[in-house]
Amino acid sequence: MILRVHFVLQRLIQLIPVVFGISVVSFLIIHLIPGDPATIMLGSRATPENVRQITAQMGLDKPLYDQYLIFVKNMVQGDLGTSILLKKSVNTLIGERLGTTFFLVIYASVLSLLASIPIALWSAMRKDSVLDNGFRTLSIIGLAMPSFWIGILLMLLLSIKVKLFPVSGYGKNFFAHIYYLFLPALTIACSLAPVLIRPLRSKIINVFSSEYIEAARARGLGENKIIINHVLRNAISGTVTILGVNIGWLLGGSIVIETVFSVPGLGQLLINSILSRDYPIIQGLVLVFAILVIVVNLLTDLCYAILDPRVDLE
């Protein structure tokens, strides 16, 4: 327990320069725009009065280092600014949509695991069979297919032609969320599952060839008990790591999929903000996405250590 607390503190200290780098990148989003940032952000709405107002509101008339210090101070206090177009706090806008994106990412992760574990197990138990080669071929095809294209195909098949699921929306309660987000989650899962299946299959094959599996069979343990208590328990830890590493990809994928299915999450907010040049929201979302990936990676390391006590947390 003490070792794990020490590991967490050590990782948090190591994250300080990473967070600093993220803050610099987020801050420079506005200042890397060619021309006057206020004029570019306002676009067709730019008038001398509006430009002066935005310049004063965002402190763009101050020296660059002063602007950065103000940005960092506000960031530490949890103030991500105010939307230029919507006139609402960026914190509020992100808070309203964060739960939707979380739900979608978790939903997609669960669906991908429900598909990946049995497929990888079947393939490993029938190594080099027709079934195994078929699953491996499908995995390669799944890796090559763009997620938005998979989403459009599923929408055409299951929403427009068969009419089993809605084309868009989020629903008003938990079960409605499950129903409305099934196609977006399935789309992400179809892209994520091939990433998980291949290493999990290899891990299961290695575990099956281990001496302790032979010893378990010699003791008379049933095949189902061996698979559940020994094979999957030892193979699943690596899958958790791969899933955690791909959280950044999941969040990036959710941006596209939320737009395709009109899901009111952070991804749709980011796309709309880019199209409307609402840079305070873009800054806030870049910061939030980056911090989420960092936190998830830290939790992944801890989960891996819990699932496999042999892991050294030094």
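## Burial and surface

Of the 314 residues in the chain, 41% are buried. The model is a predicted one.

## Overall build

The chain contains 14 helices and zero strands. Its pattern, read along the sequence, is therefore a run of α elements, α-α-α-α-α-α-α-α-α-α-α-α-α-α. Along its principal axes, the C-alpha trace spans about 80 × 55 × 35 Å.

Contacts in the chain can also be sorted by distance along the sequence. Taking those between residues at least 6 apart in sequence, 70% join residues at least 24 apart.

## Annotated regions

An unreviewed UniProt entry carries the annotation "domain: ABC transmembrane type-1" for residues 98-300. In the model, this stretch is 84% helix and 0% strand. Its end C-alpha atoms are 20 Å apart.

The UniProt record, again an unreviewed entry, lists residues 12-33, 102-125, 137-158, 178-197, 235-261 and 281-307 under "transmembrane region". Two of these spans can be described from the model. Residues 102-125 are 100% helix and 0% strand, and 34 Å separates the end C-alpha atoms. Residues 137-158 are 91% helix and 0% strand, with end C-alpha atoms 24 Å apart.

## Helix α5

Helix α5 covers residues 90-125, which is 36 residues. From its first C-alpha to its last it reaches 51 Å, close to the 52 Å expected at 1.5 Å a residue. Helix α5 also has a kink of about 35°, centred on R97.

At the start of α5 there is a contact between a side chain and the backbone. A side-chain oxygen of S89 comes to within 3.2 Å of the backbone nitrogen of N91.

## L153 in helix α7

L153 belongs to helix α7, which runs over residues 147-161. Is L153 buried, partly exposed or exposed? Its relative accessible area is 36%, so L153 counts as partly exposed: buried means under 20%, and exposed means over 50%.

L153 can also be placed relative to T187. The two residues are 34 residues apart along the chain, and their C-alpha atoms are separated by 9.3 Å.

An α-helix has 3.6 residues a turn, so residues three or four places apart point the same way.

Key. Residues are numbered from 1 along each chain as its sequence is written. Side-chain values use heavy atoms; hydrogens and water are left out. UniProt positions are given in the numbering used here, feature names are shortened, and annotations may be inferred rather than shown by experiment. Helices (H or I, at least four residues) and strands (E, at least two) are DSSP runs, numbered from the N terminus. Buried means under 20% relative accessible area, exposed over 50%, partly exposed in between (1.4 Å probe, protein chains only). The expected span of a helix is 1.5 Å times one less than its number of residues. The bend at a residue is the angle between axes fitted to the seven residues ending there and the seven starting there. A polar contact is a pair of N or O atoms within 3.5 Å; within protein, one must be able to donate a hydrogen and the other to accept it, and residues adjacent in sequence count only if both atoms are side-chain atoms. Contact means heavy atoms within 4.5 Å.
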